[in-house]
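Subject: Structure for you to look through

Dear colleague,

Here is the structure that I promised to pass on, and my notes on it follow below. Please keep the viewer open while you read, and look up each part as it comes.

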Amino acid sequence: MSRMRLALSLTAALIGGAASAQAPRVAVDIAPVHSLVARVMEGVGAPDLIVQSGASPHEYSLRPSEAAALQDADLVFWIGPGLTPWLTDTLETLASDAVVSELLDAPGTIALEFRESALFEAHDHDDHDDHDDHDDKADHDDHDDHGDEDHAEHAHKDHDHAEDAHDDHGHKDAGHEDHAHGEHDPHAWLSPQNARNWLNVIAGQLSAADPDNASIYFANAAAGRAEMETLIDEVNATLAPVRGGEFIVFHDAYQYFEADFDFPAAGAISLSDASDPSPARIAEIQGRIAEQAVDCVLTEPQFNSGLVATVLDGTQAKTGIIDPLGSDLEPGPALYPALIGNLATALAECM
């Protein structure tokens, strides 16, 4: 993504000396969201990453430095309790004075319902929740002229259903199986359309907390949105030669990417990354691979390679490795586009 990184660097160079006030202290849950916040803050400051690369966001033990970052934070950005249920109580305890933004609940966010079955159908994405008129992307273009300060009113929203969310996710093994919490799939950062929207949300919150640097935040958000459009075009070009191919993922985390790029998976070996699939589910996936001549099974670095080998046994399907969190990437502004680009490349090479 060299063109994108060049644009990013030029923007930082132009505005790097313009910051007129100390940056607010900002804490962010996971590396992909941290990357978006870092992009908006370039030239002013840098956010703190709470869940370190390679760690599971579903369960995590804070280091003292991470607890201190939350305690000192003026603003916190997180996906929400659906991804990090343990963080709900932690935020209430350590970041009670911070402005907390739950991005999955932010205006304009595309929010998809959980999928229940091992096998997916093309229409699975058609039933997603439109949330806040996310189809009208133009509504957010106006925010590049500082209109995003309206988002500040949403800042403290997200302790209201926190206790219920924490209880529902307390038993990870069953939580995704019956979805008693009724929430959306939290892997929403894998939609570049969501990321594009969140850049404005982030700029609005930062500007409300730090109006002296508002022009920098909104300039960075506008540049980031343009880079996101380039990223979307590049991913579509990468996937074009293999579009229509059939693939299986290890766990069902990718439907936002699938929906954005109209490239649906045929199924998932595991419904979540918190529990092993049942023998019946494995058999169902093996049947789909055989019946539909599935081209590719995508796994993730931390998952059981022996289980993937079992699924692939007797088939001609290839296998590839993807990572929804970018664990092997350096945290910072460049991580998000690299993450999405790498996912597209791995999929295309596996087909």
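In which sense do strand 5 and strand 6 pair, and over how many bridges? Strand 5 and strand 6 (residues 267–270) pair in the parallel sense, and three bridges join them, where two strands are said to pair if DSSP finds at least two bridges between them. Helices (H or I, at least four residues) and strands (E, at least two) are DSSP runs, numbered from the N terminus.

Before going further, please note that this is a predicted model, in which local features need pLDDT of at least 70 and side-chain atom pairs count only at pLDDT 80 or more, while totals for chains, interfaces and linings use all residues. Residues are numbered from 1 along each chain as its sequence is written, and side-chain values use heavy atoms, with hydrogens and water left out.

The pLDDT, which is the predictor's confidence in each residue on a scale from 0 to 100, has a mean of 81 over the protein chain, and 74% of the residues reach 70 or more. Over residues 5–20, however, the pLDDT is below 50, although this stretch has 26 contacts in the model beyond near neighbours in sequence, a contact being heavy atoms within 4.5 Å. Residues 123–182 also have pLDDT under 50, and for them the model has 125 contacts beyond four places in sequence, so please read both stretches with care.

To return to strand 5 (residues 247–251), five of its five residues are buried. His251 stands opposite Ser270 in strand 6, whereas the bridge partner of Phe247 is Cys296 in strand 7, and strand 5 pairs with strand 7 (residues 296–299) in the parallel sense over three bridges. These strands belong to an open sheet of four strands with the order 6-5-7-8 and parallel pairing. The edge strands of this sheet are strand 6 and strand 8, each of which pairs on one side only, and the twist averages 25° from one strand to the next. Helix 11 (residues 279–292) lies across strand 5, strand 6 and strand 7, and runs at about 145° to strand 6; for such angles, axes are lines fitted to C-alpha atoms, for helices over the stretch in contact, and the angles run from 0 to 180 degrees between N-to-C directions.

A further open sheet of four strands has the order 2-1-3-4, again with parallel pairing. Its edge strands are strand 2 (48–49) and strand 4 (99–102), each pairing on one side only. Strand 1 (residues 26–28) and strand 3 (residues 75–78) run parallel and are joined by three bridges, with Ala27 opposite Val76. Helix 8 (residues 192–209) lies across strand 1, strand 3 and strand 4, at about 170° to strand 3, and 15 of its 18 residues are buried.

Lastly, please find Gly332 in the loop between strand 8 (318–321) and helix 13 (335–350). Gly332 counts as buried because its relative accessibility is 8%. Its contacts, leaving aside residues up to four places away in sequence, are with His34, Ser35 and Ala38. Gly332 and His34 are 298 residues apart in sequence, yet 6.9 Å apart in space from C-alpha to C-alpha.

With best wishes

Definitions and conventions
Buried < 20%, exposed > 50% of the residue type's maximum accessible area, 1.4 Å probe, protein only.
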